[in-house]
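User: I am new to this structure and would like to learn how to read it feature by feature. Could you walk me through it?

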Amino acid sequence: MNDLLIILTGACVAVSCSLLGCFLVLRKMTMVADAISHAVLPGIVIAFLLSGSRDSVVMLAGAALFGILTTFIIEFFHHKGGLQSDASIGVTFTWLFAVGVILITVFAGKVDLDQDCVLYGEIAYVPIDLWITDAGTILGPRALWIGAIVMVVIITFISICYKALYLSTFDPAFAAAIGISTTLWHYALMGMVSLVSVASFESVGAILVIALMVTPAATAYLLTHELKKMLIYAAVIGVLTSVLGYYIAYAVDGSIAGAMASVGGLLFMLAFLFSPTDGYISRNKRRTNKATLEATLSATSK
């Protein structure tokens, strides 16, 4: 039963991350997810200092606010300050993460808010972290409930806002011309990325969140260029990553998060090599055939 709870939690997180990851990959903004997952640390610490509690809702609110703030700062440096996109991301998240580390060491050194808690997580503890109501009713693993609710929110968001997200991603000029605010949808998407990042990293760790947000989407992009198919493929690959990763970790008695991230990388490499459309082998074969045909035509014309 514990195996199923861990796999279900990983699958919920994987679906949420991979669906949003598709838009990040298409917008060439995958590193924003990395930035947000690190830069929310000050928000977590400040929320703890103000509330004196490690309650998930309070921590989630503090982290979400800093996730949005991170996006604003990155955009400000990039568009208003003229800084390159990658430089603005690097400056922002290292600065905010460093502030979070200082706050922990100064004000919360004896509290479990260290990097093990924030970065690595531990999905194996999901079955023992139960959600118990005031009446004493046990509802099941808290992380599974949070993961499932966030997954429903993300699927609903993409389903309702698909047209606006599609146009603002592929043709922002046309979207602006017909009255769709690309800025609004950019921040809406970043808000969802912040929500998924901060809701997931306590259970699976920020590093696995980044892996699940990038690798399934990048793998799906090698298999299809149609957005709807890409979203479906990414979600399936994310679930597959969660399931295979768990059983590999069980077999070798290793880190579950590490095994899941490794499986994601392996699936990406398989698609990179063997994708019938954009795979390395098929592209080389097409180039070879084209060169052979050109050489044959050149020899025939002489």
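Analyst: Happy to! Keep in mind that this is a predicted model. Let us begin with a cysteine: C12 has a relative accessibility of 10% and counts as buried, because the cut-off for buried is under 20%.

User: How many disulfides are there?

Analyst: The general idea is that a disulfide joins the sulfur atoms of two cysteines by a covalent bond. In this model the count comes to zero. For C12, the closest cysteine sulfur belongs to C17 and is 11 Å away, which is too far for a bond. A second example is C161, which is in no disulfide either; the nearest cysteine sulfur, in C22, lies 16 Å from it. C161 is also buried, at 13% relative accessibility.

User: What about the nonpolar core: how many residues does the largest one have?

Analyst: In general, nonpolar side chains of soluble globular proteins tend to be buried together. Here the largest nonpolar core has 77 residues. The members with the most contacts inside this core are L20, I154, I158, V193 and M213. Helix α1, residues 2-26, gives the most to the core, with 15 residues.

User: Which residues does M213 touch, leaving aside those up to four places away in sequence?

Analyst: With those sequence neighbours left out, M213 touches C17, G21, L24, A33, V193, V196 and S197. Notice that V193 is on this list and is also among the residues with the most contacts inside the core.

User: Which residues of helix α3 are buried?

Analyst: Helix α3 runs over residues 41-51, and its buried residues are L41, P42, G43, I44, V45, A47 and F48. The helix is followed by G52, whose phi is positive, near 70°.

User: How should I read a positive phi?

Analyst: As a rule, most residues other than glycine have a negative phi. K28 is one example, with phi near 55°. K28 sits in the loop between α1 and α2 and is exposed, with a relative accessible area of 77%. D253 is another, and its phi is near 55° too. D253 lies in the loop between α12 and α13, and at 73% relative accessible area it is exposed.

User: How many aromatic pairs are there, and how do I read one?

Analyst: A pair of rings is described by the distance of the centres and the angle of the planes. The structure holds nine such pairs. In one of them, Y162 and Y166 have their ring centres 6.0 Å apart and their planes at 35°, a tilted pair. These two tyrosines are four residues apart in helix α8, residues 162-170, so about one helical turn separates them. Y166 is partly exposed, at 35% relative accessibility. Ring pairs also link Y162, Y166 and F170 into a cluster.

User: Is the pair of Y246 and Y250 tilted or stacked?

Analyst: That pair is stacked, because the planes meet at 25° and angles under 30 degrees count as stacked. The centres of the two rings are 6.4 Å apart. Y246 and Y250 are four residues apart in helix α12, residues 227-252, and so are about one helical turn from each other. Y246 is buried, at 4% relative accessibility, whereas Y250 is exposed, at 60%.

User: Which residue forms a salt bridge with K229?

Analyst: The general idea is that side chains of opposite charge can pair when their charged atoms come close. The structure holds one salt bridge. In it K229 pairs with E226, and the closest N and O atoms are 3.7 Å apart. Both partners are partly exposed: K229 has a relative accessible area of 38%, and E226 is at 47%.

User: One last residue, please. Is S275 buried or exposed?

Analyst: S275 is buried, with a relative accessible area of 2%. Its place is the loop between α13, residues 256-274, and α14, residues 280-301. A polar atom of the S275 side chain lies 2.5 Å from the backbone oxygen of L222. Setting aside residues up to four places away in sequence, S275 touches L222, L223, L270 and S282.

Methods:
Residues numbered from 1 in each chain as written. Predicted model: local features only at pLDDT ≥ 70, side-chain atom pairs only at ≥ 80, totals over all residues. Heavy atoms only, no water. Buried < 20%, exposed > 50% of the residue type's maximum accessible area, 1.4 Å probe, protein only. Polar contact = N/O pair within 3.5 Å; in protein donor to acceptor, adjacent residues only side chain to side chain. Contact = heavy atoms within 4.5 Å. Phe/Tyr/Trp six-rings, centres within 6.5 Å; stacked < 30°, edge-to-face > 60°. Salt bridge = Lys/Arg side-chain N within 4 Å of Asp/Glu carboxyl O. Core = buried A, V, L, I, M, F, W, Y, C linked by side-chain atoms within 4.5 Å. Disulfide = S-S within 2.5 Å.
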